[in-house]
Amino acid sequence: MIIGPSGSGKDTLISGAKLLLDNENRYVFAQREITRAQTGDAEDHIEISESEFKQKQLANVYSLSWYANGLNYGVTRLDEYMRQEKFVILNGSRGALKDIRQKYKDTIVIQVEVPPELLRKRLISRGREDSGEIDARLARGGALRILDPTVINFINEKPIQESINEFVAILKNLSNHS
(Lines give C-alpha, C1' and ligand atoms only; values in the text may rest on other atoms or scores of the structure.)
Protein backbone atom coordinates (compact mmCIF):
# COMPACT_ATOMS: atom_id res chain seq x y z
CA MET A 1 0.00 0.00 0.00
CA ILE A 2 1.30 3.41 -0.99
CA ILE A 3 0.49 6.27 1.39
CA GLY A 4 1.51 9.88 1.77
CA PRO A 5 0.18 13.40 1.63
CA SER A 6 -1.53 14.89 -1.38
CA GLY A 7 1.13 16.26 -3.71
CA SER A 8 3.83 13.83 -2.61
CA GLY A 9 3.81 12.16 -6.02
CA LYS A 10 2.03 8.87 -5.21
CA ASP A 11 -0.01 8.92 -8.42
CA THR A 12 3.04 9.79 -10.54
CA LEU A 13 5.09 6.98 -8.98
CA ILE A 14 2.24 4.47 -9.33
CA SER A 15 1.56 5.47 -12.96
CA GLY A 16 5.25 5.23 -13.82
CA ALA A 17 5.55 1.84 -12.12
CA LYS A 18 2.48 0.61 -13.98
CA LEU A 19 4.16 1.46 -17.29
CA LEU A 20 7.47 -0.17 -16.34
CA LEU A 21 5.83 -3.31 -14.92
CA ASP A 22 3.20 -3.65 -17.65
CA ASN A 23 4.66 -6.89 -19.04
CA GLU A 24 4.93 -8.59 -15.65
CA ASN A 25 1.57 -10.15 -14.87
CA ARG A 26 2.30 -10.78 -11.18
CA TYR A 27 1.72 -7.06 -10.47
CA VAL A 28 -1.78 -5.64 -10.15
CA PHE A 29 -2.49 -1.95 -9.76
CA ALA A 30 -5.78 -1.74 -7.90
CA GLN A 31 -8.06 0.96 -9.22
CA ARG A 32 -10.09 2.92 -6.71
CA GLU A 33 -13.69 4.05 -6.96
CA ILE A 34 -13.92 7.58 -5.59
CA THR A 35 -16.81 9.96 -5.06
CA ARG A 36 -14.86 12.63 -6.97
CA ALA A 37 -15.17 13.81 -10.55
CA GLN A 38 -12.60 12.47 -12.99
CA THR A 39 -10.25 15.29 -14.01
CA GLY A 40 -7.12 15.40 -16.12
CA ASP A 41 -4.82 16.25 -13.21
CA ALA A 42 -6.00 13.64 -10.72
CA GLU A 43 -5.43 9.93 -10.41
CA ASP A 44 -7.05 7.58 -12.88
CA HIS A 45 -9.99 6.33 -10.86
CA ILE A 46 -13.56 5.23 -11.32
CA GLU A 47 -15.91 8.12 -10.62
CA ILE A 48 -18.91 7.07 -8.56
CA SER A 49 -21.80 8.96 -6.98
CA GLU A 50 -22.37 9.04 -3.23
CA SER A 51 -25.56 6.97 -3.59
CA GLU A 52 -23.89 4.33 -5.80
CA PHE A 53 -21.00 4.12 -3.35
CA LYS A 54 -23.32 3.63 -0.37
CA GLN A 55 -25.26 0.90 -2.23
CA LYS A 56 -22.05 -0.97 -3.07
CA GLN A 57 -20.78 -0.55 0.47
CA LEU A 58 -24.01 -1.95 1.93
CA ALA A 59 -23.86 -4.87 -0.53
CA ASN A 60 -20.26 -5.65 0.59
CA VAL A 61 -18.91 -5.16 -2.93
CA TYR A 62 -15.75 -3.49 -1.69
CA SER A 63 -12.77 -5.40 -0.37
CA LEU A 64 -11.78 -2.14 1.30
CA SER A 65 -13.52 1.19 1.70
CA TRP A 66 -12.77 4.33 3.66
CA TYR A 67 -13.62 8.00 3.99
CA ALA A 68 -10.92 10.68 3.74
CA ASN A 69 -10.71 14.34 2.78
CA GLY A 70 -14.47 14.56 2.24
CA LEU A 71 -14.53 11.66 -0.22
CA ASN A 72 -15.43 7.97 -0.16
CA TYR A 73 -12.95 5.44 -1.54
CA GLY A 74 -13.61 1.82 -2.44
CA VAL A 75 -11.51 -0.99 -3.90
CA THR A 76 -12.87 -4.24 -5.30
CA ARG A 77 -11.30 -7.61 -6.13
CA LEU A 78 -8.44 -7.53 -3.60
CA ASP A 79 -9.35 -10.95 -2.21
CA GLU A 80 -9.43 -12.37 -5.74
CA TYR A 81 -5.97 -10.96 -6.47
CA MET A 82 -4.64 -12.40 -3.21
CA ARG A 83 -5.98 -15.86 -4.08
CA GLN A 84 -4.15 -15.55 -7.41
CA GLU A 85 -0.97 -14.65 -5.47
CA LYS A 86 -0.65 -11.31 -7.23
CA PHE A 87 1.45 -8.48 -5.83
CA VAL A 88 -1.12 -5.70 -5.48
CA ILE A 89 -0.13 -2.04 -5.49
CA LEU A 90 -2.78 0.19 -3.93
CA ASN A 91 -2.89 3.94 -3.42
CA GLY A 92 -4.15 3.75 0.16
CA SER A 93 -4.90 6.08 3.01
CA ARG A 94 -2.96 6.87 6.15
CA GLY A 95 -6.24 7.30 8.01
CA ALA A 96 -7.44 3.83 6.99
CA LEU A 97 -4.11 2.09 7.57
CA LYS A 98 -5.14 0.38 10.82
CA ASP A 99 -8.28 -1.12 9.24
CA ILE A 100 -6.40 -2.16 6.11
CA ARG A 101 -3.67 -3.89 8.12
CA GLN A 102 -6.28 -5.68 10.23
CA LYS A 103 -7.94 -7.14 7.15
CA TYR A 104 -4.74 -7.76 5.17
CA LYS A 105 -2.09 -8.70 7.72
CA ASP A 106 0.72 -9.03 5.15
CA THR A 107 0.31 -5.45 3.93
CA ILE A 108 3.59 -3.74 3.15
CA VAL A 109 3.40 0.02 3.45
CA ILE A 110 5.47 2.53 1.49
CA GLN A 111 5.11 6.09 2.76
CA VAL A 112 5.93 8.65 0.08
CA GLU A 113 7.36 11.84 1.51
CA VAL A 114 8.78 15.09 0.17
CA PRO A 115 10.41 18.01 1.97
CA PRO A 116 7.72 20.52 3.06
CA GLU A 117 8.85 23.35 0.77
CA LEU A 118 8.87 21.08 -2.28
CA LEU A 119 5.43 19.79 -1.31
CA ARG A 120 4.18 23.40 -0.98
CA LYS A 121 5.50 24.18 -4.49
CA ARG A 122 3.78 21.10 -5.93
CA LEU A 123 0.47 21.95 -4.28
CA ILE A 124 0.66 25.55 -5.50
CA SER A 125 1.46 24.45 -9.06
CA ARG A 126 -1.63 22.19 -9.12
CA GLY A 127 -3.82 25.23 -8.55
CA ARG A 128 -6.60 23.29 -6.78
CA GLU A 129 -6.36 25.06 -3.42
CA ASP A 130 -5.74 28.54 -2.04
CA SER A 131 -2.81 29.29 0.30
CA GLY A 132 -4.89 28.73 3.45
CA GLU A 133 -6.01 25.32 2.24
CA ILE A 134 -2.44 24.45 1.31
CA ASP A 135 -1.22 25.46 4.78
CA ALA A 136 -3.93 23.27 6.35
CA ARG A 137 -3.05 20.36 4.07
CA LEU A 138 0.66 20.67 4.95
CA ALA A 139 -0.14 20.73 8.68
CA ARG A 140 -2.44 17.71 8.35
CA GLY A 141 0.18 15.88 6.28
CA GLY A 142 2.78 16.25 9.01
CA ALA A 143 0.32 15.22 11.70
CA LEU A 144 -0.66 12.09 9.77
CA ARG A 145 2.91 10.96 9.09
CA ILE A 146 3.22 7.31 10.08
CA LEU A 147 6.06 6.68 12.51
CA ASP A 148 6.36 2.92 12.36
CA PRO A 149 9.56 0.91 11.84
CA THR A 150 7.72 -1.49 9.52
CA VAL A 151 6.83 1.32 7.10
CA ILE A 152 9.21 1.95 4.21
CA ASN A 153 9.83 5.68 3.82
CA PHE A 154 10.41 6.79 0.24
CA ILE A 155 11.70 10.35 -0.17
CA ASN A 156 10.39 11.58 -3.52
CA GLU A 157 12.55 14.60 -4.30
CA LYS A 158 14.62 13.45 -7.28
CA PRO A 159 13.80 13.96 -10.97
CA ILE A 160 10.63 12.06 -11.87
CA GLN A 161 12.12 9.21 -13.88
CA GLU A 162 14.86 8.61 -11.34
CA SER A 163 12.28 8.45 -8.54
CA ILE A 164 10.07 6.11 -10.56
CA ASN A 165 13.01 3.78 -11.25
CA GLU A 166 13.91 3.66 -7.55
CA PHE A 167 10.27 3.08 -6.63
CA VAL A 168 9.99 0.19 -9.10
CA ALA A 169 13.22 -1.33 -7.75
CA ILE A 170 11.67 -1.30 -4.26
CA LEU A 171 8.46 -2.92 -5.54
CA LYS A 172 10.42 -5.64 -7.34
CA ASN A 173 12.54 -6.31 -4.26
CA LEU A 174 9.45 -6.53 -2.05
CA SER A 175 7.59 -8.80 -4.46
CA ASN A 176 10.56 -11.18 -4.60
CA HIS A 177 10.46 -11.54 -0.81
CA SER A 178 6.72 -11.81 -0.27
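Arg77 sits in the loop between strand 6 (71-75) and helix 3. The model examined here is predicted. Arg77 is not a glycine, yet its phi is positive, at about 70°. Most residues other than glycine have a negative phi. Arg77 is partly exposed, with a relative accessible area of 42%.

A positive phi also occurs at Asn60, where the value is near 55°. Asn60 is likewise not a glycine. This residue belongs to the loop between helix 2 (50-58) and strand 5 (64-68). Asn60 is exposed, because its relative accessible area of 66% is over the 50% cut-off.

Helix 7 spans residues 160-176 and holds 17 residues. From its first C-alpha to its last, helix 7 reaches 24 Å. That is close to the 24 Å expected at 1.5 Å a residue. The buried residues of helix 7 are Ser163, Ile164, Phe167, Val168, Leu171, Leu174 and Ser175. These residues cover an arc of only 135° around the axis, so they lie on the same side of helix 7. An α-helix has 3.6 residues a turn, so residues three or four places apart point the same way. Several elements cover the buried residues of helix 7. Among them are helix 1 (10-20), strand 1 (2-3) and strand 2 (27-29). Strand 7 (87-89), strand 8 (110-113) and strand 9 (152-155) are also included.

Helix 1 has its own set of buried residues: Lys10, Leu13, Ile14, Gly16 and Ala17. Their arc around the axis is only 165°, which puts them on the same side of helix 1. The buried residues of helix 1 pack against helix 7. They also pack against strand 1, strand 2, strand 7, strand 8 and strand 9.

Helix 7 also contributes to a pocket. The second largest pocket holds about 600 Å³ of space. Helix 3 (78-83), strand 7 and helix 7 each give two or more residues to the lining of this pocket. In total, 23 residues line the second largest pocket. Of these, Met82, Lys86, Phe87, Val88 and Asp106 lie nearest its centre.

Elsewhere, polar contacts link Thr35, Glu50 and Asn72. Thr35 is found in the loop between strand 3 (32-34) and strand 4 (46-47). Thr35 is buried, because its relative accessible area of 12% is under the 20% cut-off. The side chain of Thr35 makes a polar contact with the side chain of Glu50, at 3.5 Å. A polar atom of the Thr35 side chain also lies 2.9 Å from the backbone nitrogen of Asn72. Residues up to four places away in sequence aside, Thr35 touches Ile48, Ser49, Glu50, Phe53, Leu71 and Asn72.

Asn72 lies in strand 6. Asn72 counts as buried, at 5% relative accessibility. The side chain of Asn72 makes a polar contact with the side chain of Glu50, at 2.9 Å. Beyond its neighbours within four places in sequence, Asn72 is in contact with Glu33, Ile34, Thr35, Glu50, Phe53, Lys54, Trp66 and Tyr67. Asn72 and Ile152 are 80 residues apart along the chain. Their C-alpha atoms are separated by 26 Å.

Notes
Residues numbered from 1 in each chain as written. Heavy atoms only, no water. Helix = DSSP H or I, 4+ residues; strand = E, 2+ residues; numbered from the N terminus. Expected span 1.5 Å × (residues − 1). Buried < 20%, exposed > 50% of the residue type's maximum accessible area, 1.4 Å probe, protein only. Arc of directions from axis to C-beta. Contact = heavy atoms within 4.5 Å. Polar contact = N/O pair within 3.5 Å; in protein donor to acceptor, adjacent residues only side chain to side chain. 1 Å grid on protein atoms, 1.4 Å probe; cavity = no way out; pocket = protein on both sides within 12 Å on 5 of 7 lines; lining within 4 Å. Points joined across faces, edges and corners; volume = space filled by probe spheres on them.
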